[in-house]
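These are my notebook entries on one model, kept in the order in which I looked things up.

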Amino acid sequence: MTDARTAWVEVADRVYQRRYDPFDVSVTVVAGTDGLMVVDTRCSLAEAREIRGHLRQISAAPVRWVVNTHVHFDHVWGNAEFAAPRQVPPAQFWGSAEMVAAMRGAGEDPDTVKLKETLAARSEEWRAKLAELEEHVPDNIVRGGHDLDLGDGRVVRMRQVGRGHTDGDLVLHVPDADVLLMGDLLEESGDPHFGPDSFPLDWAATIDAALALTGPGTRFVPGHGASTDASFVVAQRDTLAAVADTCRSLHAAGVPLDEALKTGDWPYDREHLQDAIRRAYLHLSA
Ligand SMILES: [Zn+2]
């Protein structure tokens, strides 16, 4: 069986996923008669050049569209590889309004500044990737939803179904292939990631809204990990709801933030939940 960690896997009709290290990030390609759509672009131009090479294993067609599911660096730092002068004609870039605003503000964002320092400290390879980094912000903005026609009636529905992993997560529905690309609203190879920009209290309802777009046979492509069916998505939704419920009850009981992590009964590794609890408390106190 083909493994998406070493080759493209056709997860649904003419929809191809490949999983790339570092971070086991999903790159998904939707092939249309007018060209290819690439969803998420990895952490660097060098990594995106590797994607471009691998695309030839699917098709010789040009990349006409690039969509970022959300703002995090492992999904957007390869963008410029699909823009002029590296790609002529350039692809059309799409992202949510919130994602675009966050990417534009990333230069002054203390979390992003710290992240770049951490990555640079890791290795010479990372320093080289950061040295050539050119952040290319999508100039086509999704507000709520937008449909793209890839030719011959093949439509990709880009939808914002709520806040969760970030405030600007996009899901992509390809109805003719019965597949939903979830970005980091869904993770299969690790626990869902709660960062300093997450919305832990909203996340489960957002998954419900995503599930409402789908049917019983739909395939789901996570931002990290192998494609899944609805039962996996529902289980992750329930666990996310449990995290939110625990935050709510601890907050209601007056348990202070710095004690909540050791007090609560948590379904995920405690070391991954620091930001989840901090963000939930912040939103509950607002
Ligand atoms: Zn992310």
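Entry 1, the cavity. I looked up which element gives the most to the lining of the largest cavity, and found that strand E12 does, with three residues; helices (H or I, at least four residues) and strands (E, at least two) are DSSP runs, numbered from the N terminus. I worked on a predicted model, in which local features need pLDDT of at least 70 and side-chain atom pairs count only at pLDDT 80 or more, while totals for chains, interfaces and linings use all residues. Residues are numbered from 1 along each chain as its sequence is written, and side-chain values use heavy atoms, with hydrogens and water left out.

For cavities and pockets I kept to a 1 Å grid over the protein atoms alone: a cavity is a set of points where a 1.4 Å probe fits but cannot get out, a pocket is an open set with protein on both sides within 12 Å along at least five of seven lines, and lining residues have an atom within 4 Å of a point. Grid points are joined across faces, edges and corners, and a volume is the space filled by probe spheres set on the points.

My search of the whole structure returned one cavity of 30 Å³ or more, and the largest cavity holds about 50 Å³ of space. I noted its lining as Ser26, Thr28, Val39, Asp40, Thr69, Leu181, Gly183, Val221, Pro222 and Gly223, to which strand E3 (25-32), E11 and E12 each supply at least two residues. By class I have four nonpolar, five polar and one charged, where Ala, Val, Leu, Ile, Met, Phe, Trp, Tyr, Cys and Pro count as nonpolar, Asp, Glu, Lys and Arg as charged, and the others, Gly among them, as polar.

I read about 1,200 Å³ of space for the largest pocket. Of the 40 residues that line it, His72, Phe73, Leu115, His193 and Pro196 are the closest to its centre. Helix H4 provides the largest share of this lining, seven residues, and I sorted the lining of the largest pocket into 15 nonpolar, 12 polar and 13 charged residues.

Entry 3, strands. Strand E10 (residues 171-174) pairs antiparallel with strand E9 (residues 155-159) over three bridges, pairing being called if DSSP finds at least two bridges between two strands. I also found E10 joined to E11 by three bridges, again antiparallel, with leucine 172 opposite leucine 181 in E11. From E10, Val171 and His173 point one way and Leu172 and Val174 the other, yet all are buried, that is, under 20% relative accessible area, with exposed over 50% and partly exposed in between (1.4 Å probe, protein chains only). In the hairpin of E10 and E11, with four residues between the strands, I saw that aspartate 178 takes a positive phi near 55°.

What span should helix H7 (residues 230-252) have? At 1.5 Å a residue its 23 residues should span 33 Å, and I find its end C-alpha atoms 32 Å apart, which agrees; the expected span is 1.5 Å times one less than the number of residues. I listed the buried residues of H7, among them Val233, Leu240, Val243 and Leu250, and what covers the buried residues includes strand E11 (179-187), strand E12 (219-224) and helix H9 (274-285). Just after H7, I noted glycine 254 with a positive phi of about 80°.

Conventions. Contact = heavy atoms within 4.5 Å.
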